[in-house]
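Here are my notes on this structure, as numbered points.

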Amino acid sequence: MKSLAEIAAQLQGYDPKALSADAVNDFLARLVEPVRETEDVPVMEALGRVVARDIVSPISVPPHDNSAMDGFAFDGALLAAGGTIALDVIGTAFAGKAWQGTVGPGQGVKIMTGAIMPAGLDTVVPQEFTQAQDDKRVTFPADTLRRGDNRRLKGEDLQEGKPALAAGTRLGPAACGLVASLGLARVPVFRKLRVAYFSTGDEILSLGEAPREGAVYDSNRYTVHGLLTRLGCEVIDMGVVRDEPALLEAAFREAAAKADAIITSGGVSVGEADYTKAMMAKLGDVAFWRIAMRPGRPMAVGRIGSSVLFGLPGNPVAVMVTFLAFVRPALLKMMGAAAPAQPYLRARSAEAMRKKPGRTEYQRGIVSTGKDGQLEVRTTGNQGSGVLSSMVQANGLIVLHHAQGNVAAGDAVDVLVFDGAI
Ligand code: AMP
Ligand code: MG
């Protein structure tokens with residue numbers, strides 16, 4: 001476990017008061033480590049979990065050559081003659097049991113989708129291509145097929161003894177199905193990451209409390225809870241912690257004892273009058289950053305005990321943006337996920353945007369398909385860092401990169417789509 005000073009020493013031009021978004025991710029990637037403990041879980045409970053070691057196929061999938069269509073299996077060598085092919089149908093191969101007969105020249109077998117290809121037959125003519133002459137004889141034009149058509153090969157999906165899923169894969173619905181197709185009932189996964197969250201700030205009201213002048217309801221608790229749940233973390237929800245040193249200290253100590261990561265919101269900006277920053281500095285190895293970004297800017301990062309601390313700003317949009325831009329990739333690494341970097345989508349900006357080089361800006365965007373079929377993005381109305389409705393309307397963040405300047409209408413921009421993250 002490296003100290004913050006050790007990590008900082010490895011980075012060129014590290015300046016906690018002026019960090020680029022890329023430098024933040026670089027720093028965090030060096031700060032966090034994947035969890036070690038693993039467990040075997042039933043496939044039905046594996047969705048969203050991360051595979052802990054390479055899974056090697058114990059079998060081939062499919063286990064036999066089989067038919068991809070309902071039709072008639074025959075020896076594809078017959079096609080070479082051209083013209084009309086006639087088959088004497090000498091039996092039926094059903095899915096689930098092998099057809100045992102032997103096939104002579106000019107003979108074929110009626111076959112169902114998924115049935116094992118009878119020995120010596122390598123091609124299937126779909127039922128709808130054929131004409132039945134009588135019960136026992138079908139014909140079809142040779143030029144509708146090539147040898148091997150409509151036959152699935154043994155092991156064409158997965159081969160016995162070969163890696164089927166690599167460690168670090170996040171199990172989506174397809175991967176869960178793939179594990180099941182191997183006949184495996186359980187999957188080795190990393191244990192769930194435990195993440196504690198609390199909101200700070202004396203002006204923050206919990207639900208159920210009566211409104212009072214100058215106070216706002218705690219929305220960050222709910223956005224962060226949702227973001228963590230979507231990631232598949234175990235959330236330790238600690239609500240609002242009042243701005244009293246003893247309460248803050250107890251909360252940080254409890255969170256550090258229980259969780260792999262602690263996320264807080266509020267109290268980390270330069271002008272803060274409350275005790276949050278002081279308590280972080282007292283209890284842990286913590287850096288207070290100013291990030292060249294909008295929205296966001298202040299963020300505290302470090303460790304309290306062996307827990308990683310992400311002290312996010314208080315503004316509701318800034319919380320979500322800093323979570324998506326920095327915390328999410330770091331948590332994915334802690335979860336054991338390999339190469340989590342999410343690709344940007346490239347879309348044409350429907351409008352001009354003012355942008356100063358030297359900081360990364362995250363505008364809330366709505367991506368749609370333009371009249372010409374190309375992707376187009378426009379911003380949601382008010383881009384204020386407290387305007388949570390902008391996050392509700394958006395389906396992605398337009399990322400205007402550090403060095404980028406003004407954007408003209410029609411320019412292509414990068415969009416981080418919310419997809420399953422939000
Ligand atoms: P701070 O980072 O503490 O200066 O807070 C910035 C702004 O975000 C202030 O307007 C706070 O009232 C607001 N804020 C802080 N925490 C929360 C929260 N948990 N829910 C909603 N708004 C918040
Ligand atoms: Mg505050």
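1. The largest pocket of this predicted model holds about 500 Å³ of space. The search runs on a 1 Å grid over the protein atoms alone, and a pocket is an open set of points with protein on both sides within 12 Å along at least five of seven lines. Grid points are joined across faces, edges and corners, and a volume is the space filled by probe spheres set on the points.

2. The largest pocket has 23 lining residues, meaning residues with an atom within 4 Å of a point. Closest to its centre are Asn25, Ala325, Pro329, Tyr344 and Leu416. Elements that give two or more residues are α2 (21–31), α7 (316–334), β23 (360–369) and β26 (412–417). Helix α7 gives the largest share, six residues. Helices (H or I, at least four residues) and strands (E, at least two) are DSSP runs, numbered from the N terminus.

3. Where does the largest pocket lie? Domain 1 (4–37 + 192–334) and domain 4 (345–417) both line it, so it lies between them. The domain bounds come from an automatic or database domain assignment. By class, the lining has 15 nonpolar, six polar and two charged residues.

4. There is one cavity of 30 Å³ or more; a cavity is a set of points where a 1.4 Å probe fits but cannot get out. The largest cavity has a volume of about 60 Å³. Its lining includes Gly48, Phe190, Lys192 and Met335. Domain 1 (4–37 + 192–334) and domain 2 (39–61 + 156–190) both contribute to that lining, so the largest cavity lies between them.

5. Now the ligand. Around ligand 1 are 17 residues, each with a heavy atom within 4 Å of it. Glu203, Asp218, Gly267, Glu272 and Gly314 come nearest. The shell has five nonpolar, nine polar and three charged residues, with Gly counted as polar.

6. A nitrogen atom of ligand 1 is 2.7 Å from a side-chain N or O atom of Asp218. One of its oxygen atoms lies 3.4 Å from a polar side-chain atom of Ser269. An oxygen atom of ligand 1 is also 3.2 Å from a polar backbone atom of Asn315. Of the 490 Å² of accessible area that ligand 1 has on its own, the protein covers 79% (Shrake-Rupley method, 1.4 Å probe).

7. On conventions: residues are numbered from 1 along each chain as its sequence is written, chains are lettered from A and ligands numbered from 1 in the order written. Local features need pLDDT of at least 70, side-chain atom pairs count only at pLDDT 80 or more, and totals for chains, interfaces and linings use all residues, while side-chain values use heavy atoms, without hydrogens and water.

Terms used:
A polar contact is a pair of N or O atoms within 3.5 Å; within protein, one must be able to donate a hydrogen and the other to accept it, and residues adjacent in sequence count only if both atoms are side-chain atoms.
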